[in-house]
Amino acid sequence: MSIYIVSSIILLLVLLAAYALISQAIERRRVHQKRLLTALKVRQRNFRHMLTGFPPHFLSSDLTAVVYRALIDTCEQLNKLEPHDATHAADLQLLTDQLNAIKQTANTQRVRLENPEQIKEIRQHLQELYRFVAQQEALKALTKVQAAAFTDQIKRLALQSSVDGHVAQAKKAQQLGKPRLAVHYYGLARKLLLPENANHAYDKQIAQLSALIDKLEQKATQQTTADVNSEEKMSAEEDPNKAPTSLNKEWDKFGDEDEWKKKQLYD
């Protein structure tokens with residue numbers, strides 16, 4: 001009888017231990033699934049914001065396709081985690097149709113940025129896109145060649161957004177009549193391009209910036225010369241004896257009045 005009791009106790013303990021392990025595994029899976037769901041929804045929100053945050057035709061068709069593929073992949077995973085939510089399937093179909101339409105769109109001329117706040121936001125989007133490409137390469141979803149091509153495009157867009165930011169500041173300085181400050185910002189823009197011009201891709205842009213800098217430096221020199229000449233002219237027109245002469249006249253007048261009072265007293 002005691003053997004049966006001991007066996008039952010051992011079996012019970014084994015069952016309890018197995019239940020505890022299964023419960024822990026289920027809890028870990030639940031927590032993992034919750035974290036994954038949160039991360040996917042954050043990515044979905046970020047990439048949706050990215051689609052509207054970039055100006056039209058700012059990204060190449062290839063990079064735009066990368067953004068759409070990221071959203072499609074996210075919707076597929078969300079649909080598996082939340083099959084009861086019909087919005088995931090609807091979003092998946094809509095994004096697939098939009099991606100097919102994007103593939104038919106040809107690239108247009110580069111978009112120039114002028115709003116400092118927009119430039120800051122775009123740089124943040126580019127950093128997010130850069131991290132996603134690196135992640136896809138690590139997961140073998142992109143080959144090294146594909147990832148390198150996308151990374152190069154992203155870096156070029158980041159460079160151009162920085163250049164556009166300095167150019168926008170330079171134009172603002174010109175509007176305020178500050179040619180030397182404009183020269184400073186145009187110089188910063190050119191400084192960014194020079195190290196990246198090994199293949200002469202930025203020759204035309206660098207030449208345009210150099211021409212603007214030369215023109216503004218001449219204007220600043222002329223402005224400085226004009227200011228100096230104006231100050232010298234004003235100094236020359238000033239009569240150092242003007243104040244003393246006026247003061248002497250006042251004293252003379254006062255003296256005359258005093259003499260008149262004395263004369264009146266004596267009379």
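**A predicted all-helix chain: pocket, cores and confidence**

About 250 Å³ of space lies in the second largest pocket, the volume being the space filled by probe spheres set on grid points joined across faces, edges and corners. This is a predicted model, in which local features need pLDDT of at least 70 and side-chain atom pairs count only at pLDDT 80 or more, while totals for chains, interfaces and linings use all residues. Residues are numbered from 1 along each chain as its sequence is written, and side-chain values use heavy atoms, with hydrogens and water left out.

**Overall fold**
- The chain comes to eight helices and zero strands; helices (H or I, at least four residues) and strands (E, at least two) are DSSP runs, numbered from the N terminus.
- Buried residues, meaning under 20% relative accessible area with a 1.4 Å probe and protein chains only, make up 27% of the 267 residues.
- Among contacts (heavy atoms within 4.5 Å) between residues at least 6 apart in sequence, 70% join residues at least 24 apart.

**The pocket**
- A pocket here is an open set of points on a 1 Å grid over the protein atoms alone, where a 1.4 Å probe fits, with protein on both sides within 12 Å along at least five of seven lines; lining residues have an atom within 4 Å of a point.
- The second largest pocket has 13 lining residues, and Arg112, Asp164, Val167, Lys171 and Leu209 lie nearest its centre.
- Both α5 and α7 (203-237) supply at least two residues of this lining, and the largest share, five residues, comes from α5.

**Nonpolar cores**
- A nonpolar core is a set of buried Ala, Val, Leu, Ile, Met, Phe, Trp, Tyr and Cys residues joined through side-chain atoms within 4.5 Å.
- The largest has 31 residues, of which Phe47, Phe58, Leu59, Leu126 and Leu129 touch the most other members.
- At least two residues of this core come from each of α1 (2-53), α2 (61-81), α3 (86-103), α4 (116-138) and α5 (144-175), and α2 gives the most, with nine residues.
- Leaving aside residues up to four places away in sequence, Leu59 touches Phe54, Thr64, Val67, Leu126 and Leu157.
- A second, separate core of 15 residues includes Ala173, Val183, Tyr202 and Ile206.

**Confidence**
- pLDDT, the predictor's confidence in each residue from 0 to 100, averages 82 over the chain, and 81% of the residues score at least 70.
- Among the elements, helix α6 (residues 179-193) has the highest mean pLDDT (95) and helix α8 (residues 242-266) the lowest (45).
- Over residues 242-251 pLDDT stays under 50, and the model has zero contacts beyond four places in sequence for them; this also holds for residues 259-267.
- Where pLDDT is low, the predicted coordinates should not be read in detail.

Terms used:
Buried means under 20% relative accessible area, exposed over 50%, partly exposed in between (1.4 Å probe, protein chains only).
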